[in-house]
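Open the model in your viewer and keep the selection tool ready. We will go from stop to stop.

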Amino acid sequence: MIRKLTITRPDDWHLHLRDGAMLEAVLPETARDFSRAIIMPNLVPPVVTAKQAAAYRDRIMAALPEGADFAPLMTLYLTEDTDPADVAAAFNDGLITAVKLYPAGATTNSASGVKDFDRVMPVLEKMAEVGCTLCVHGEVTDPAVDIFDREAVFIDRVLAPLRRRVPELRITMEHITTKDGVDYIAASENIAGSITTHHLIINRNHILVGGIKPHYYCLPVAKRELHRVALVAAATSGDPRYFLGTDSAPHTDPNKESACGCAGVFSATNTMSCLAHVFEAENALDKLEAFASLNGPAHYRLPVNSSKITLEKQEEAVIFPSKVETGDGPVTVFDPGFPIYWRVA
Ligand code: NCD
Ligand code: ZN
């Protein structure tokens with residue numbers, strides 16, 4: 001039995017850090033184990049211009065603990081007013097790594113997202129030309145579409161037509177939650193999928209059976225078990241088109257445990273331990289490095305990290321803090337629902 005695993009230091013290809021007191025409290029949780037992370041731009045107001053991305057990057061760097069080995073990879077929030085030249089210059093200068101597409105109203109702070117795709121075609125064409133990746137929140141917002149079907153419908157109604165219009169555009173379908181997402185990526189070119197830690201572990205029963213569990217509610221919402229099984233198969237396959245994006249999305253407990261609770265699971269603290277557990281259970285510990293450390297940089301055409309981390313299996317279950325205290329209030333850490341024996345040395 002493997003009890004010790006040394007892998008290239010991982011990256012997180014989808015992370016919410018927020019700002020101010022929240023940023024200060026949650027950033028060390030990611031910087032401890034990860035070298036880089038794609039930083040989501042859904043602040044209030046969103047990060048829409050290169051200038052705002054530079055200022056946000058400076059605030060993140062200022063909040064980093066002394067000596068941390070971590071670099072934020074910035075993104076711009078795509079709006080119908082985004083200027084193609086601003087995007088191209090920010091990408092060519094190395095300021096941004098990707099642009100994020102939120103369909104208007106799809107999730108937390110997405111009111112400024114895209115309604116009319118014709119209006120963003122010039123930006124997408126420019127991105128294809130310079131090689132800048134589009135990160136996609138893949139859910140339709142049509143109220144007539146059931147929330148559990150919104151990813152599958154997005155593929156047919158939005159993603160497939162978009163890819164026909166700009167076939168050279170590199171796309172990340174973020175936080176895929178369905179077998180439909182896995183299969184679509186497997187059959188396509190120029191598109192990869194990120195998968196969260198929690199979607200490898202929970203299905204929709206975990207949210208709803210035996211009382212509503214607000215800390216398991218996120219968007220896209222977890223689906224049926226057959227979808228979780230497809231995600232685990234994709235993640236543990238070693239296929240370069242699937243990689244880790246935790247979508248760790250902190251909200252304070254009062255905002256989660258509410259009559260209208262916010263969407264988001266906070267998993268930065270224990271992600272690598274949870275992943276080691278999932279991969280071990282599939283007899284696929286040898287594929288963890290591909291998923292967490294190699295496939296993402298290949299998709300984003302970035303170098304692989306040179307440093308390493310070591311995961312060790314303990315005799316006793318590892319006790320993680322159940323909450324991270326922040327200046328805005330406590331944030332509950334993702335509870336996988338079973339004991340975890342792996343920890344980052
Ligand atoms: C994210 C957040 O809280 O910003 N929430 C979530 O459930 N994932 C928004 C998002 O990425 O959809
Ligand atoms: Zn997210």
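Select the zinc ion (ligand 2): its donors are spaced H-x1-H-x230-D along the chain. The model is predicted, with local features needing pLDDT of at least 70 and side-chain atom pairs pLDDT 80 or more, while totals for chains, interfaces and linings use all residues. Residues count from 1 along each chain as written, chains are lettered from A and ligands numbered from 1 in written order, and side-chain values use heavy atoms, without hydrogens and water.

Now show H14 (NE2), H16 (NE2) and D247 (OD), which coordinate the zinc ion (ligand 2) at 2.0 to 2.1 Å. Donors here are N, O and S atoms within 2.8 Å of the metal (3.2 Å for Na, K and Ca). H14 and H16 are both buried (under 20% relative accessible area, 1.4 Å probe, protein chains only).

Next, select ligand 1. Around it are 14 residues, and the closest are N42, T107, L219, D247 and H251 (a heavy atom within 4 Å). Click H251: a polar side-chain atom lies 2.7 Å from an oxygen atom of ligand 1. Then find G264, where a polar backbone atom is 3.2 Å from a ligand 1 oxygen. Last, pick H137: an N or O atom of its side chain is 3.4 Å from an oxygen atom of ligand 1.

Methods
Buried means under 20% relative accessible area, exposed over 50%, partly exposed in between (1.4 Å probe, protein chains only). A polar contact is a pair of N or O atoms within 3.5 Å; within protein, one must be able to donate a hydrogen and the other to accept it, and residues adjacent in sequence count only if both atoms are side-chain atoms.
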